[in-house]
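The following paragraphs lead the reader through one structure. Please keep the sequence and the coordinates in view.

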Amino acid sequence: IAMGVNLKDPEGNMIVNIGAQSTEVSIITGGKIIISRKIPLGGRQMNESVCSEIRKRYNLQIGTRTAKRLKMVMGRLSDPKKEVRKVVGIDCISGLPREEIMNCLNEIAAEMKTFLERIPPQISYHIAKQGIYITGGSTRLPYIDKYLASYTGFTFNLSDFYETSAVT
């Protein structure tokens, strides 16, 4: 509703909420959820993956807050530009924790693609025309909409209310 989605729309909408603990994918048509799935992957798992990768590659222990900042600043999903950041822990390093974020997002995108293959073609057509609505804190990742669009073939509408909106 906060994103301008008409829940009573008989043609259907797809809403994806990438939350802290999980991701919820729902297809809503005529005011009813016709298919919905909760995936146990979210922003926290991405942060933990960044911590793990930094520890494995550089023998440096960082906290999840630092990992979250790295994810948001350096996790450029469709941008070939590689940035360098200094991370302070036991020693200083620079690097790009991109690969770990990609594993989580690839799994989320694959689930979305499976959903799109399971729905009737007329609903899929409407979703393709309207775009997929995406919300949740992890949607602040730079270029997440372009990355998911390249994986699924659909356009995405990002919520301005990513921290406060949810799909249940």
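In this predicted model, Asn47 touches Thr64, Ala67, Lys68 and Lys71, leaving aside residues up to four places away in sequence. Asn47 belongs to helix 1, which covers residues 43–58. Its relative accessibility is 9%; because the limit for a buried residue is under 20%, Asn47 counts as buried.

Five strands form an open sheet in the order 3-2-1-4-5, and their pairing is mixed. Strand 3 (32–39) and strand 5 (156–158) stand at the edges; each has a single partner strand, so one side of each is left without a neighbour in the sheet. On average, neighbouring strands of this sheet are turned by 20 degrees against each other, direction ignored.

Strands of a sheet pair through backbone hydrogen bonds, in either a parallel or an antiparallel manner. The parallel case is found between strand 1 (residues 13–18) and strand 4 (residues 132–135), which are joined by three bridges. Within this pair, Val16 stands opposite Ile134 of strand 4. Helix 5 (residues 144–152) packs on the sheet and touches strand 1, strand 4 and strand 5. The direction of helix 5 makes about 160 degrees with that of strand 5.

The antiparallel case is found between strand 2 (residues 23–29) and strand 3, with seven bridges joining them. Here Thr29 stands opposite Lys32 of strand 3. The two strands form a hairpin with two residues between them. In the turn, Gly30 has a positive phi of about 60 degrees.

Definitions and conventions
Residues are numbered from 1 along each chain as its sequence is written. This is a predicted model: local features need pLDDT of at least 70, side-chain atom pairs count only at pLDDT 80 or more; totals for chains, interfaces and linings use all residues. Side-chain values use heavy atoms; hydrogens and water are left out. Two strands pair if DSSP finds at least two bridges between them. Helices (H or I, at least four residues) and strands (E, at least two) are DSSP runs, numbered from the N terminus. Axes are lines fitted to C-alpha atoms, for helices over the stretch in contact, and angles run from 0 to 180 degrees between N-to-C directions. Contact means heavy atoms within 4.5 Å. Buried means under 20% relative accessible area, exposed over 50%, partly exposed in between (1.4 Å probe, protein chains only).
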